[in-house]
Amino acid sequence: MRLLSKQDDATLTLGRMLAACLPPASVVALYGDLGAGKTVLSRGVARGLGIAEPVTSPTFTVVQEYRRPNGQWFYHLDMYRISDEQAALAFGIEEFLYATNAITLVEWPERIAALLAPTATIAITLTHVGESQREIVLPDHIGRQLLATGLPAGISQLADA
Amino acid sequence: MIILGIESSCDETAAAIVRDGHDVLASTISSQVQLHAGYGGVIPELAAREHLRNISPVVDTALAKAAISIDQIEGVAVTSNPGLIPALLVGNAYAKGLAAAKDIPLVGINHFIAHIYGAFIGQPELLADAANFPILALVVSGGHTAIVVIQPDGHARIVGSTLDDAAGEALDKAAKILGLGYPGGPVIDRIAKTGNTSAYDFPRGLTGAAGKAVKPEHRFDFSFSGVKTAMLYAVKDRSLSDQELADVVASYQAAVMGVLVTKAGDAALHFNTPVICVCGGVACNSYLREKLSQEAGRIGRKLVLAPPKYCTDNAAMVAGLAWHYLRHGRSDGLAMPTNARLDHDLGIIPFAPNATMPAN
């Protein structure tokens with residue numbers, strides 16, 4: 001399903017709503033160029049998962065771990081500085097993927113494509129449309145859940161490409 | 001007391017030998033920047049492997065430069081947090097092994113506090129004078145952007161920090177967008193010198209620029225993700241002449257550094273700190289140094305700029321800081337953990353003039 005976000009605030013709210021669609025062990029693969037709004041959407045997901053502390057870029061640290069109020073974890077991963085699957089495994093990436101007590105969000109997931117189970121991974125792609133507008137493509141089953149609760153202000157559905 | 005310091009939290013393996021906190025007998029860095037240049041960033045797995053290969057030669061080189069033997073080392077200090085865990089583990093394993101084998105004290109060091117200490121190496125008189133406190137430290141690097149206020153009794157508080165990207169990351173990612181290679185800081189500094197800083201009006205996050213209100217709780221916080229996106233749009237689908245590129249880079253640098261200068265000055269006045277110190281890799285930036293000097297002069301504060309050799313990652317700041325912990329009787333056991341994230345509780349800063357801390 002294709003959505004259009006008018007601005008960062010709307011993307012943030014969408015992330016917050018998206019969090020409600022993620023059962024434990026979910027892995028969200030977040031595709032998009034530099035500045036496409038990945039960090040904004042990630043922050044929204046974190047807020048939706050009950051995390052109040054600042055959600056800063058994981059580019060430098062590769063992984064940022066956040067404890068949720070329910071005792072489970074939110075792992076925010078950034079593969080920007082990881083060259084490939086081998087480097088990711090040497091880093092210990094397996095601890096952060098599909099853990100039963102965690103929800104994981106991966107930025108720059110294309111670097112570790114072979115480690116992501118296609119059917120068990122929620123792929124979301126963010127694309128620049130204008131300086132503030134973003135196209136967001138997400139799986140239909142997630143899109144239907146979002147539609148059922150109502151899309152937030154600033155988010156509209158686009159016709160299928 | 002002669003202390004060996006080891007730093008391996010990111011992409012530099014470094015060792016230094018420092019006497020009594022300030023007398024740097026040797027400081028050696030095995031730069032890996034060239035190795036990582038092809039990837040646009042640091043690759044942790046590669047970094048860990050390289051740290052392992054580098055650490056013994058780097059320590060041996062430092063010992064040779066200082067013309068002392070390993071048996072003369074009276075304490076070993078190592079960065080234990082924050083950083084990339086695989087990289088940190090190499091330095092920590094080495095330091096623990098040495099501490100156990102030689103039966104000398106081990107001190108785990110917070111990399112963030114060590115960067116602040118880097119501005120004061122060789123200036124014990126400055127630290128001894130309580131009239132210089134509270135000190136405001138602007139810590140700006142690839143991984144951190146924060147303002148810290150240190151009281152004369154060593155209590156310290158992070159009063160502001162980035163809500164998204166670090167300043168150094170903003171430079172690295174801009175360099176990537178513009179195809180200038182890695183790391184971004186030095187090349188941006190160089191190209192900006194020939195550009196017009198007001199060619200583009202890039203956003204200055206959380207400063208109230210362009211009529212955007214800043215929530216009081218974010219008065220000393222930073223945000224650098226917006227400026228990157230604005231720059232991306234300014235250059236998108238354009239082929240830039242050398243002069244146009246220089247103008248983009250100069251305007252971008254002015255926006256990023258301008259926020260740092262504005263917030264540091266505002267915080268120095270608000271927290272009434274007689275001294276502003278700036279440290280971390282981004283503190284090498286010549287434009288930032290110049291603008292901070294002007295701002296400090298304008299508001300009548302003393303500016304302490306970390307020397308460039310102690311801005312980027314190094315082990316002299318690690319060994320130097322460790323001496324202050326040891327003189328307070330503080331050391332760590334061999335079970336000392338490593339930690340990837342910055343603990344916002346910085347503990348008591350041991351180089352503050354009136355610091356007291358229980359010995360262990």
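**Exercise 1.** How many residue pairs are in polar contact across the interface of chain B and chain A, counting pairs with both residues at pLDDT 80 or more? Describe the interface in this predicted model.

*Solution.*
1. The rule finds ten residue pairs in polar contact across the interface of chain B and chain A.
2. Helices H2 (44-66), H6 (167-177) and H8 (225-235) of chain B each supply at least two residues of the side that touches chain A.
3. The largest share of that side, five residues, is from H8(B).
4. Sorted by class, the side of chain B that touches chain A holds 14 nonpolar, six polar and nine charged residues.
5. For the extent of the interface, 29 residues of chain B contact 26 residues of chain A, and about 2,400 Å² is buried between the two chains, 62% of it on carbon and sulfur atoms.

**Exercise 2.** Which side chains form the salt bridge between chain B and chain A?

*Solution.*
1. One salt bridge is counted between the two chains.
2. Its partners are A:Glu53 and B:Arg341, at 3.3 Å from N to O.
3. The cut-off is 4 Å, so the pair qualifies.

**Exercise 3.** Classify the packing of helices H1 and H4 of chain A by their angle, and describe the contact.

*Solution.*
1. H1 (residues 8-19) and H4 (residues 140-149) of chain A pack at about 105 degrees, with their axes 10 Å apart.
2. Angles of 65 to 115 degrees count as roughly perpendicular, so H1(A) is roughly perpendicular to H4(A).
3. From H1(A), A:Leu14, A:Met17 and A:Leu18 meet A:Ile142, A:Leu146 and A:Thr149 of H4(A).
4. The residues of this contact comprise five nonpolar, one polar and no charged.

Technical notes: Residues numbered from 1 in each chain as written. Chains lettered and ligands numbered in written order. Predicted model: local features only at pLDDT ≥ 70, side-chain atom pairs only at ≥ 80, totals over all residues. Heavy atoms only, no water. Axes fitted to C-alpha atoms, helices over the stretch in contact; angles between N-to-C directions. Helix = DSSP H or I, 4+ residues; strand = E, 2+ residues; numbered from the N terminus. Parallel < 35°, antiparallel > 145°, perpendicular 65-115°, else oblique. Contact = heavy atoms within 4.5 Å. Nonpolar A, V, L, I, M, F, W, Y, C, P; charged D, E, K, R; others polar. Buried area = accessible area lost by both parts, 1.4 Å probe. Polar contact = N/O pair within 3.5 Å; in protein donor to acceptor, adjacent residues only side chain to side chain.
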